[in-house]
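Open your viewer and get your selection tool ready.

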Amino acid sequence: MGKDIHSNSRARPARSRIAAMAFLIGAFCSVSLAAEPARPLVDLELVLAVDVSSSMSLSEQRVQRDGYVSAFRHPDLAGAIGSGARGMIAVSYLEWAGPNYQRVVLPWTIVGSYDDAKRFADALAVEPVTAQAGTSISGALLSAGDLFAKSRTAAARRIIDVSGDGPNNAGLPVAPIRDRLTGSGITINGLPVSLPRGGSNGFQSFGEHYLNLYYERCVIGGPDSFLIGIDDLGQFEVAIRRKLLLEIAGMPARPRLASYSPAGGRMFDCSMIGTTAR
């Protein structure tokens with residue numbers, strides 16, 4: 001009997017230490033959770049995924065960049081942002097080319113006023129313009145998806161605004177990546193750029209209407225997705241501004257899609273463009 005009493009007397013301090021440790025762990029977890037700040041709510045998280053492949057000349061790249069800069073300096077853009085329920089968006093500017101080139105030029109930035117938008121434009125304007133080899137739309141979409149995962153804001157709408165002057169020709173096939181992202185609630189809009197090149201029809205070898213149709217069938221998707229095509233260098237500024245205003249305001253463009261054109265009967269196998277591994 002005396003042995004049992006001695007055993008119980010040693011067990012009581014052990015149980016007390018375990019209880020004290022459990023209390024301290026619980027208190028630490030409670031403090032940690034309380035200290036974690038809530039993510040700011042914005043109306044939209046927007047990734048501008050901009051093609052800088054070497055198929056565009058540096059002068060064309062400059063016009064493209066200036067189009068985004070001008071859009072963010074335009075008072076209409078600040079007005080569209082202010083019309084939202086929270087009056088703020090989060091935006092990041094990503095440049096892409098081949099499967100191994102994606103560069104975050106400007107990280108996530110909250111824009112909630114004309115001054116915020118102008119600061120974003122000013123920061124973008126001083127970044128160097130570069131051109132890289134390859135056109136991996138799939139790589140651009142994967143990188144944009146990673147940006148959403150790292151965002152420190154929360155939004156009901158998430159959009160990738162992807163521009164490009166050619167089909168996916170490197171890296172993973174684009175359609176499965178598109179489907180994965182849109183399946184998670186992300187909208188992908190397109191800005192296909194079909195500038196005249198040398199060739200029998202004055203456009204790139206895939207034809208004047210091909211790229212719009214390709215983007216419609218293989219790239220864009222998700223709620224209210226749309227594309228606005230550019231076939232003239234002078235259209236950049238107005239087209240980019242219009243597209244951003246529609247995206248920020250949450251208004252579908254209802255454009256006349258490429259599939260309604262005479263070239264619209266062409267069928268695409270999106271999985272056949274790009275390799276099966278990075």
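By class, which residues make up the lining of the largest cavity? The lining has four nonpolar, two polar and two charged residues (Ala, Val, Leu, Ile, Met, Phe, Trp, Tyr, Cys and Pro count as nonpolar, Asp, Glu, Lys and Arg as charged, and the others, Gly among them, as polar).

Before you select anything, note that this is a predicted model, where local features need pLDDT of at least 70, side-chain atom pairs count only at pLDDT 80 or more, and totals for chains, interfaces and linings use all residues. Residues are numbered from 1 along each chain as its sequence is written, and side-chain values use heavy atoms, with hydrogens and water left out.

**Stop one: the cavity**

Select Val50, Val52, Gln61, Gln64, Arg65, Tyr93, Glu95 and Val129, which line the largest cavity. On a 1 Å grid over the protein atoms alone, a cavity is a set of points where a 1.4 Å probe fits but cannot get out, a pocket is an open set with protein on both sides within 12 Å along at least five of seven lines, and lining residues have an atom within 4 Å of a point. The volume here is about 30 Å³. Now colour α2 (58-73), which gives three residues, the largest share of the lining.

Move on to the second largest pocket, with a volume of about 180 Å³. Of its 15 lining residues, pick Arg157, Ile159, Thr187, Pro223 and Asp224, the closest to its centre. Then show β4, which gives the most to this lining, with four residues.

Note on methods: Grid points are joined across faces, edges and corners, and a volume is the space filled by probe spheres set on the points. Helices (H or I, at least four residues) and strands (E, at least two) are DSSP runs, numbered from the N terminus.
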